[in-house]
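Reader: I would like to go through the side-chain contacts of this model. Please keep the answers brisk.

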Amino acid sequence: MAIDQDKLHEFLLKFVGDLGATIGAGSVIVGDRLGLYRALADKPAAPQELADRTGTAPRYVEEWLRGQAAGGYVEYDAATGEYWLTEEQAFALTDPDGAVYVPGAFQLALATLRAEPRITEAFRTGAGFGWHQHDDEVFIGCERFFRPGYLANLVPAWLPALDGVEAKLRAGAAVADVGCGHGASTVLMAREYPQSTFAGSDYHRASIDQARARSGDAGLNGQVAFEVASAQSFGGGPYDLVTTFDCLHDMGDPLGAARHIRERLAPDGTWMIVEPYAGDSVADNLNPVGRVYYGFSTFLCVPNALSQPGGYTLGAQAGEEAMRQLAGAAGFTRMRRVAETPFNLVYEARP
């Protein structure tokens, strides 16, 4: 077999980058949990200084800093031996309320990979593996990954892009947040629209327990209620607005969910569908964002769909056409894309 050395070298460079990123994910979590990034954002520091600020062991911190500098996550001054964060690094690594929060994504990835033996076996058998079967850190990391994007876009851009919806929310509307997880999206909307009432639902009981606690901590009891229910069986209505955030593609029966949402909507109601950014073809998604979503989809989305009845396995890169087909089959007559970010597409569906 003839090996093209240049092509081999090119591939090995990709491999080295991926291997460094894979093991580097653990270091990002360590830096987040121990407050190393936050302490370094305050002022430059040598390893001993950073260890003193954070109550950690200097030799561990020294090696951590070297690896972070090699990966471009911190900066290094060879003349002084000090390390520091640029404003951009600090924004992405230390602010959980910013538009991007890198540690949450790595927390989700590492927790997801703990299921590797079960997913490997599922490849052999074709069996499903539900979200509820994953490590608890998956749910925490998922919220920390998606919440910054919702915080940056949901109230400022996505809801105002819907036809007439924000006025209803200001006046007082009934809203169902389906597949709400820990309730981050539900709480964000409830805080902004105190005249409206919100009903969050998710099939995962532990997530609903967490959502109820978050809602109580935010002082939203009475305005927000949560129930353990699937997207095909949640109660209440008629609703002026139903939202599904990054969850429709995970379902074994998204068509059943769409039909149930249609039934629970008021005649002039709106369904806001937030899904991962994706094109309609595989070729459209052969890019860094597509790679991330295909990876998560292999471990989370497709296995979850296969664990449920319904026969669908859309995956995280289903694309706009698949969403349109579902909405149309469920009885929605109008659908349009209203907003997008590098990670999400937002659709409005109307009866």
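Reader: Is Glu320 buried, partly exposed or exposed, and at what relative accessible area?

Author: This is a predicted model, in which local features need pLDDT of at least 70, side-chain atom pairs count only at pLDDT 80 or more, and totals for chains, interfaces and linings use all residues. Residues are numbered from 1 along each chain as its sequence is written, and side-chain values use heavy atoms, with hydrogens and water left out. Buried means under 20% relative accessible area, exposed over 50%, and partly exposed in between (1.4 Å probe, protein chains only). By that rule Glu320 is buried, at 13%.

Reader: Which residue forms a salt bridge with Glu320?

Author: A salt bridge needs a side-chain nitrogen of Lys or Arg within 4 Å of a carboxyl oxygen of Asp or Glu. Here the closest N and O atoms are 2.9 Å apart. The partner is Arg324.

Reader: How far apart in sequence are the parts that Arg336 and Glu348 tie together?

Author: Their side chains meet in a salt bridge, 2.7 Å from N to O. Arg336 is partly exposed at 36%, whereas Glu348 is buried at 5%. Arg336 lies in strand 8 and Glu348 in strand 9, so the parts joined are apart in sequence by twelve residues.

Reader: What geometry does the pair of Phe145 and Phe343 have?

Author: Rings of Phe, Tyr and Trp (its six-membered ring) pair if their centres lie within 6.5 Å; planes under 30 degrees apart count as stacked, over 60 as edge-to-face and the rest as tilted. The search of the whole structure finds twelve aromatic pairs. In this one the centres are 6.4 Å apart and the planes at 75°, so the pair is edge-to-face.

Reader: How many residues apart in sequence are the parts that this pair, Phe145 and Phe343, ties together?

Author: Phe145 is buried at 18%; Phe343 is partly exposed at 37%. Phe145 lies in helix 8 (residues 136-161) and Phe343 in the loop between strand 8 (334-340) and strand 9 (344-350), so the separation is 198 residues.

Conventions:
Helix = DSSP H or I, 4+ residues; strand = E, 2+ residues; numbered from the N terminus.
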